[in-house]
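Reader: Please give me a close look at a single part of this structure, and then connect it to what surrounds it. Keep it brisk, and state the cut-offs as you go.

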Number of protein chains: 2
Amino acid sequence: MPKLRAHNITITLDGYATGTDQRLEAPFGDGVDGLHDWMNAAMRDLDEGRAGVGADYIERGDENVGATIMGRNMFGPVRGPWQDESWTGWWGENPPYHTDVFVHTHYPRPSVPMKGGTTFHFTDEPVETVLRRAFEAAGGKDVRLGGGPSTVQTYLRAGLLDELHLVIAPIVAGRGVRLLDNWQDAADGYRVAEQISSGTATHVRLVRR
Amino acid sequence: MPKLRAHNITITLDGYATGTDQRLEAPFGDGVDGLHDWMNAAMRDLDEGRAGVGADYIERGDENVGATIMGRNMFGPVRGPWQDESWTGWWGENPPYHTDVFVHTHYPRPSVPMKGGTTFHFTDEPVETVLRRAFEAAGGKDVRLGGGPSTVQTYLRAGLLDELHLVIAPIVAGRGVRLLDNWQDAADGYRVAEQISSGTATHVRLVRR
């Protein structure tokens, strides 16, 4: 059965996936400096052909992905109604998805085909409907769930996420948006399948029971 | 300078130090099965003379401790006024502290000397006062802060804790009492000095900047 998987979702030691005041110049907000240091180090390892715990997890995240789902905040910094349709994501003209990407938003707009096979679709449908569309688009492969944290939390709470690769960065924030929060009973449906530290972070794999 | 240190404070992956409904038969409450599996394994390692990450941290926690502070919930399951003075802790007649132990409680009672050098003192004084008394009792050694989580949180929020050895157990709880919570600005005063996983848990050392 194809799965819904989230990867590289990084939180502080005190549980925050974003800090305060997310904006164009600070996509993850303030107070979370160093949150993605592990990822930068892992990307360098990948670029230079070195093995590493982080690099290995990043590669696993890219395997067998046929479609992507993300929240509005991951797609861009614009809040409320779109002023125009000029914003087409953070990633330039050839985004690294190369699949259909379903963006949850209260303000649907026409789909945007990009170079390299990525097409952004905008939807205000319920998560169950969006997930069904994504599985159809994935054609038998898995669907990857991007962020932000509130989107991951929504799918976790609904028990729809099959696998979550979570990374704990060695920083504390004190404030922001928590990832594993307000999920009470849903927590009972998950267990930790892996927990491994590299020099730069702790990697955890949460899976459904 | 002598320090205030907390050790072996264990939380779930989603940040809970206790589950729900703490009571005599379940000192850490419900929903946190496996929270201290790492500690049981480490104690076996110590008993049998084996080296191990957990065993090493437990030994470090016991070094150079001249006095102890703990919260009422760590001392016992009794809530509200003491019915009588028969409860003298979870640990039998020779508790593993062997120092003066200051117990925060809204209901002070006479000090209780135990075998092995442990004496329990009960106080409703402010944390600053209790800490001063504990440093005096420690005679130049460090003071160790026990739990529960709300007591550790109080000292963290006040910026009085110098060092926190935190352990992340590979379980999720969904509900309970969080440790690193409601500490906003205080978080800015701490940094992660170590983050290491063993097979059974991730050990973190938080220190003051």
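**A helix pair and its surroundings**

Author: α1(A) and α2(A) are roughly perpendicular to each other. That label covers angles of 65 to 115 degrees; under 35 counts as roughly parallel, over 145 as roughly antiparallel, and the rest as oblique. This is a predicted model, where local features need pLDDT of at least 70 and side-chain atom pairs count only at pLDDT 80 or more, while totals for chains, interfaces and linings use all residues. Residues are numbered from 1 along each chain as its sequence is written, and chains are lettered from A and ligands numbered from 1 in the order in which they are written.

Now the geometry. Helix α1 of chain A spans residues 37-47 and helix α2 of chain A spans residues 53-62; their axes come within 8 Å and cross at roughly 85 degrees. Axes are lines fitted to C-alpha atoms, for helices over the stretch in contact, with angles from 0 to 180 degrees between N-to-C directions. Helices (H or I, at least four residues) and strands (E, at least two) are DSSP runs, numbered from the N terminus.

Who touches whom? From α1(A) come Trp38(A), Met39(A), Ala41(A), Ala42(A), Asp45(A) and Leu46(A). From α2(A) come Gly54(A), Ala55(A) and Ile58(A). Contact means C-beta atoms, placed from the backbone, within 7 Å. By class, this contact has 7 nonpolar, 1 polar and 1 charged residues. Ala, Val, Leu, Ile, Met, Phe, Trp, Tyr, Cys and Pro count as nonpolar, Asp, Glu, Lys and Arg as charged, and the others, Gly among them, as polar.

Chain B has its own pair. The axes of α1(B) and α2(B) come within 8 Å and cross at roughly 85 degrees. Trp38(B), Met39(B), Ala41(B), Ala42(B), Asp45(B) and Leu46(B) of α1(B) meet Gly54(B), Ala55(B) and Ile58(B) of α2(B).

Next, how the chains relate.

Chain A gives 23 residues to the contact and chain B gives 23 residues. In chain A, α6 (184-187), β10 (190-197) and β11 (202-208) each supply at least two residues of that side. β10(A) gives the most, with 5 residues. The side of chain A has 13 nonpolar, 6 polar and 4 charged residues. The copies meet through the same surface, because 100% of the interface residues of chain A are also interface residues in chain B.

β10(A) also belongs to a sheet. In chain A, 9 strands form an open sheet with mixed pairing, in the order β5-β6-β4-β3-β7-β1-β8-β11-β10. β5 (112-113) and β10 of chain A stand at the edges with a single partner strand each, so one side of each is left without a neighbour in the sheet. β10(A) pairs with β11(A) in the antiparallel sense over 7 bridges. Pairing needs at least two DSSP bridges between two strands. Val192(A) has Leu206(A) in β11(A) as its bridge partner.

Conventions
Two residues are in contact if their C-beta atoms, placed from the backbone, lie within 7 Å.
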